[in-house]
Amino acid sequence: MSHTRRDFIRYVVAGSIASGCPIDQALLAEPGSAAAGPLVEGEHFNVCHQVRDGHSFPKPEATKKADVIIVGGGVAGLSAAYFLKGKDWLLLEKEDHFGGNAYQEEYEGHIFGTGSAYGYRGDHGDMLAKEIGLNLPLINMPDPIIDNGKYAPDIWRTGINDLPYSKNVIASFKKYRDNIMKIDVQKNAAQLDSEPFTKYLAGYAPEITKLWDAYGPSNWGAFSEDTSALIGITDSQNLIQGQDDQRVILPGGLGCITQKLVEVLKPRHGERMLRDATVVAVVPDKDEVRVTYVQGEKITTVAAKVVLMCTAKYITARLVAGLPNEQKQAMRRMRYTPYPMVNIIFDKPIYRKGYDNWCPGKTFTDFIVADWTIRNNPGYKPKYNILTFYTPLRETERAILLNEEDCKTLAAKVLKDFQGLMPEFNVDPVEVRLYRRGHPMFMAVPEQFTKNRMIASQPMERVFFGNSDSGGPESLTSEAVRISHAGVEWANLVLAGKPGAAELAHKALTEALL
Ligand SMILES: Cc1cc2nc3c(=O)[nH]c(=O)nc-3n(C[C@H](O)[C@H](O)[C@H](O)COP(=O)(O)OP(=O)(O)OC[C@H]3O[C@@H](n4cnc5c(N)ncnc54)[C@H](O)[C@@H]3O)c2cc1C
């Protein structure tokens, strides 16, 4: 029996969804809620309910103290640690690495992203990157589309006449473009945020909805029918006006910022940065907050003057005791998309024609070229061509991530779909990697931005609620950084016993980008 090279492609499944952490194993939504996926294993819910009810783990007396405890070492937690400068802080991260959803990996020295892709020149992430010594180059290319076996270099501007569709469909794209630009989003924000995006897609060619059903899940975790019209229309206008010209990144996506933050923080503060430390309870009192975490076999409680919660709200709601009921409900109402990422590694040049390439109707929504912004650097001679595939799932498909074989099948479908896009793509890679994440991106559903977020993210007296899901209107690394900056200012006021902390936090929430 002869073996083709195809038989030997290595499939690697990574990511923590099924490993080690009691919180992670409880990743499914509350049973019975709108967002609940299928019941996978009852055991997982048992652990989940114990954590949620706050009595599954013993809470020993506090044996350590810190002025500020940061829960979660994604970009929000790491940037909070950075902004705290010389303060007495302790950062607790459940994974064996920092970075959360902005995390880079490498293959034989070639760096690629496993989540967050790019930022914008001058946004809060870019400013922080600059401050810590990272210069993020411009992407300098609009997004191509590949559909019906054809490539078109730009969707909304110069390339609109070359879209791989019929004349009538192209005319419909133009009509959509003209009509959507007439909507005043600032003036009508509240109303638009209460409506589904599909209302504004009705009457146009179905190819337009098909495109947003790729763009939406990839960027804000929701298909058109679940998307707030405010977000869909704002992003449409931004693309049509060419805001994407300001996009910046390095290989590794925004994982390059978390990687650099760790490099900057570790030499001086390494002992304050605990990995494999899963927080299981955060109990605020009048004068302190007791934070209990599990590290290996050991359970420890630390007493803090203030706590910055940099975990997503579906976790936060289960950890923090004494939340007002309305706030807890608002946190639980938030919906998160299951979102694996697939990296396909070729040992020959396959594709370097565009940075972020949209492929409506496929297993993946888009793929990016990992080394795009450094490809023309003098002396750069890559051995591998690494393509990163964005593969958001529907909430009902979350269980795929709990089974390694199902993950490999999904990764194989991504490869097959890519190989079928254009004849020249039908090449076998050396490796296919899938990074699974159960709830990494909050969904920009109606009323999340203008209403639910505002209730979910109100600070308590000694607990601040950070994470990018306190910002918006979609899940953005720059928002995680901005909110953390505010969280640190808030902490400084509370620590100094000065007034104005609540007002400062409120201002930070209302200043979220549109
Ligand atoms: C596929 C994908 C693509 C994206 N693309 C972009 C993009 O192009 N541009 C952009 O700006 N944004 C993008 N985003 C969004 C961006 O990645 C996130 O908004 C950002 O990384 C969130 O950072 P965070 O620190 O707020 O939260 P997280 O990254 O969720 O960090 C939270 C941390 O808390 C830890 N944690 C959880 N529970 C506990 C516990 N009990 N105890 C201790 N630690 C705990 C987690 O392990 C994690 O490290 C993308 C997201 C995804 C998933």
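**Rings, charges and a buried glycine**

Author: In this predicted model, the charged end of Arg247 sits over the ring of Tyr118, at 5.1 Å from the ring's centre.

Reader: What makes the charged end of Arg247 count as sitting over the ring of Tyr118?

Author: The distance of 5.1 Å is set against a limit of within 6 Å from the ring centre, together with a direction within 35 degrees of the ring normal. Arg375 is also listed in this way, with its charged end over the ring of Trp372 and 3.5 Å from the centre.

Reader: Why is the aromatic pair of Trp156 and Tyr176 called tilted?

Author: The structure holds 28 aromatic pairs, and in the one formed by Trp156 and Tyr176 the angle between the planes is 40°. Planes under 30 degrees apart would count as stacked and over 60 as edge-to-face, so an angle between those limits is called tilted. The centres of these two rings are 5.6 Å apart, and the pair links distant parts of the chain, with Trp156 in the loop between strand 8 and helix 4 and Tyr176 in helix 4.

Reader: How do you know that Trp156 is buried rather than exposed?

Author: Buried means under 20% relative accessible area, and Trp156 has 5%, so Trp156 counts as buried. Tyr176, at 0%, counts as buried too.

Reader: What makes Gly472 buried, and which residues does Gly472 touch?

Author: Gly472 has a relative accessible area of 0% and is therefore buried. Leaving aside residues up to four places away in sequence, Gly472 touches Phe442, Phe449, Glu479, Ala512 and Leu513.

How values were computed:
Residues are numbered from 1 along each chain as its sequence is written. This is a predicted model: local features need pLDDT of at least 70, side-chain atom pairs count only at pLDDT 80 or more; totals for chains, interfaces and linings use all residues. Side-chain values use heavy atoms; hydrogens and water are left out. Buried means under 20% relative accessible area, exposed over 50%, partly exposed in between (1.4 Å probe, protein chains only). Contact means heavy atoms within 4.5 Å. Rings of Phe, Tyr and Trp (its six-membered ring) pair if their centres lie within 6.5 Å; planes under 30 degrees apart count as stacked, over 60 as edge-to-face and the rest as tilted. Helices (H or I, at least four residues) and strands (E, at least two) are DSSP runs, numbered from the N terminus.
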